[in-house]
Amino acid sequence: MKPRTIRHYVKEAFRSLIVNRLMSFASILTVASCIFIVSLFYLLAANIEFFLSQLEDNLSIMVFIDEDLPAAEMTPLHQRIVSLPQVRSTEFIHRDDALEDLIISMPGGVAGFDSLRYSNPLRHSFIIELRDLRYHDEVKNALAEMPEIANIGDFSEAAEIMTTVRDIVRVTSLILILILAMISIVLIMNTIRITVSTRQVEIGIMKYVGATDWFIRWPFVIEGLLIGFFGGVIPAVLCRFGYERVVEAIAGIPWLNFIEFMPGEDIFMYVIPLAVGLGSIIGLIGSFASVRRYLKV
Amino acid sequence: MIDFVNATKVYENGEKGLLNLNLSIERGEFVFVVGSSGSGKTSLVRLLLKETELTSGRIYVDEQDISRIKRRHLPYYRRLMGVVFQDFRLLKNKTVYENVAFAMKIVEATPREIRRAVPQVLNLVGLSKKAKSYPNQLSGGEQQRTALARAIVNRPPLLVADEPTGNLDPDTAWEIMTLLEDINDLGTTIVMATHAHDIVDAMQKRVIALSNGQLVRDAEGGYIDEA
């Protein structure tokens with residue numbers, strides 16, 4: 001393809017966007033509305049996921065070590081726990097530190113508990129963080145087989161609830177996003193099809209004059225891509241600036257300020273390419289498919 | 001240049017377009033195709049443009065059997081001919097100059113070639129001063145002259161005109177006919193389907209008369225009503 005031909009295609013696409021500005025505007029608005037809804041839903045789902053993962057981080061397995069275990073065997077035990085593939089990290093808590101924390105946390109403070117310092121009843125322990133909550137039972141079983149461990153602090157029920165809630169959120173949001181995306185695709189393709197059908201006569205004339213299918217198709221495809229691109233940029237920009245405002249507003253509500261939101265830059269690293277990319281691809285495919293039916297002249 | 005050999009076109013609804021048509025058109029000829037509505041004129045034009053396919057028989061254009069042309073090669077075949085329609089079929093969002101230049105862009109002419117050829121052809125059809133006008137700013141005659149300019153700008157050996165004067169007043173129709181005659185004088189073969197008795201009678205060119213899809217007359221001279 002010669003550069004001047006490419007220039008012609010791009011020029012024609014922009015020209016057509018401007019000449020048919022009302023239809024172009026309607027198409028861009030349709031694309032933007034659909035992608036805005038998909039983006040909003042994505043933001044919501046991502047934040048629920050983020051909130052749950054924050055909660056998850058506070059759930060860890062605590063194991064108490066047999067008090068008869070010689071100090072020399074503590075390190076091999078630690079290594080065996082760390083080497084479990086489901087374990088993300090461990091933290092060793094010395095029984096003396098545990099006691100200090102306990103005493104400090106008591107309502108009466110140090111008084112009355114001082115004597116415990118001479119005969120510490122607590123055991124050494126490990127706080128074990130899991131890679132995923134769903135591994136809770138597997139890790140618990142593996143730990144139960146280690147004779148050096150005297151007791152396992154269990155949170156099976158909480159883990160199960162959290163895992164279920166998270167799975168429901170994940171599956172529901174995935175299904176809803178897919179449905180919304182499908183609806184958007186159909187809506188956008190129809191809009192672009194209307195745009196193209198209004199120029200059916202024009203396409204027919206081009207065919208009679210001897211234009212190849214691709215010569216006719218390229219400007220439409222580029223036009224569709226531009227409609228999709230602009231239709232993607234608008235919700236991306238709206239979401240980017242709106243998100244910060246909403247986060248600030250919710251942070252200002254006392255009974256809601258416990259909610260932690262995903263940082264804007266983290267979430268928009270995905271949302272912006274998703275919105276713009278989705279718009280562009282839908283625009284491209286929509287225009288390609290729409291022109292096709294009018295080329296058979 | 002053009003040969004119809006036992007060319008038959010029957011449409012899906014049973015309507016007969018052409019029946020066993022045999023005729024030859026030589027390079028450089030000016031041929032009128034006449035006949036009443038439903039006589040097969042439009043079928044002949046549509047078949048030549050390869051807008052529809054023959055039911056049986058063959059059509060040769062420039063010695064190639066057009067039924068063998070694949071869909072992807074159709075644009076290149078159509079570039080062999082310029083086409084003019086009764087309803088002009090101009091791109092309404094393009095100026096006169098751009099409409100004509102568009103036909104050259106399709107064949108990937110260089111900008112220099114376009115800059116040179118378009119003003120020349122607009123001058124030939126008398127539209128130099130209207131180059132920047134849009135179709136809706138032109139009279140019917142001017143629109144048809146623009147269509148003619150577009151049809152000949154790539155210097156095709158064949159010009160197919162389907163009722164090109166059908167929407168024009170008599171004076172303007174004659175202007176178009178004069179232009180077509182000039183174009184024919186330059187060596188372009190012209191096949192023109194028409195109803196216009198007066199024009200056919202006055203031009204004294206070869207007349208192919210069709211009736212019910214069949215050839216009923218092929219001779220030099222005027223229009224025959226019985227056709």
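Modeller: A helix here is a DSSP run of H or I with at least four residues, a strand is a run of E with at least two, and numbering starts from the N terminus. The model is predicted.

With those terms set, the largest pocket has a volume of about 430 Å³. Its lining consists of 20 residues. Those nearest the centre come from both chains: A:Arg4, A:His8 and A:Lys11 on one, B:Lys105 and B:Ile114 on the other. H1(A) supplies the largest share, with 7 residues. By class, the lining of the largest pocket holds 9 charged, 7 nonpolar and 4 polar residues.

Chain B has 7 helices and 10 strands. Of its 227 residues, 56% are buried. When contacts in chain B between residues at least 6 apart in sequence are considered, 68% link residues at least 24 apart.

Four of the strands of chain B make an open, antiparallel sheet, ordered E2-E1-E4-E5. Its edges are E2 (16-25) and E5 (64-65), each of which pairs on one side only. Helix H1 (41-48) of chain B packs on this sheet and touches E1 (2-10), E2 and E4 of chain B. The direction of that helix makes about 65° with the direction of E2(B). B:Val61 has B:Gln64 as its bridge partner in E5(B).

Last, a residue of chain A in another helix. A:Ile216 belongs to helix H8 of chain A, residues 213-251. A:Ile216 counts as buried because its relative accessibility is 1%, and the cut-off for buried is under 20%. Leaving aside residues up to four places away in sequence, A:Ile216 touches A:Ile203, A:Met206, A:Lys207, A:Ala211 and A:Leu295. The C-alpha atoms of A:Ile216 and A:Val291 are 8.5 Å apart in space, while the two residues are 75 residues apart in sequence.

Technical notes
Residues are numbered from 1 along each chain as its sequence is written. Chains are lettered from A and ligands numbered from 1 in the order in which they are written. This is a predicted model: local features need pLDDT of at least 70, side-chain atom pairs count only at pLDDT 80 or more; totals for chains, interfaces and linings use all residues. Side-chain values use heavy atoms; hydrogens and water are left out. On a 1 Å grid over the protein atoms alone, a cavity is a set of points where a 1.4 Å probe fits but cannot get out, and a pocket is an open set with protein on both sides within 12 Å along at least five of seven lines; lining residues have an atom within 4 Å of a point. Grid points are joined across faces, edges and corners, and a volume is the space filled by probe spheres set on the points. Ala, Val, Leu, Ile, Met, Phe, Trp, Tyr, Cys and Pro count as nonpolar, Asp, Glu, Lys and Arg as charged, and the others, Gly among them, as polar. Two strands pair if DSSP finds at least two bridges between them. Contact means heavy atoms within 4.5 Å. Axes are lines fitted to C-alpha atoms, for helices over the stretch in contact, and angles run from 0 to 180 degrees between N-to-C directions. Buried means under 20% relative accessible area, exposed over 50%, partly exposed in between (1.4 Å probe, protein chains only).
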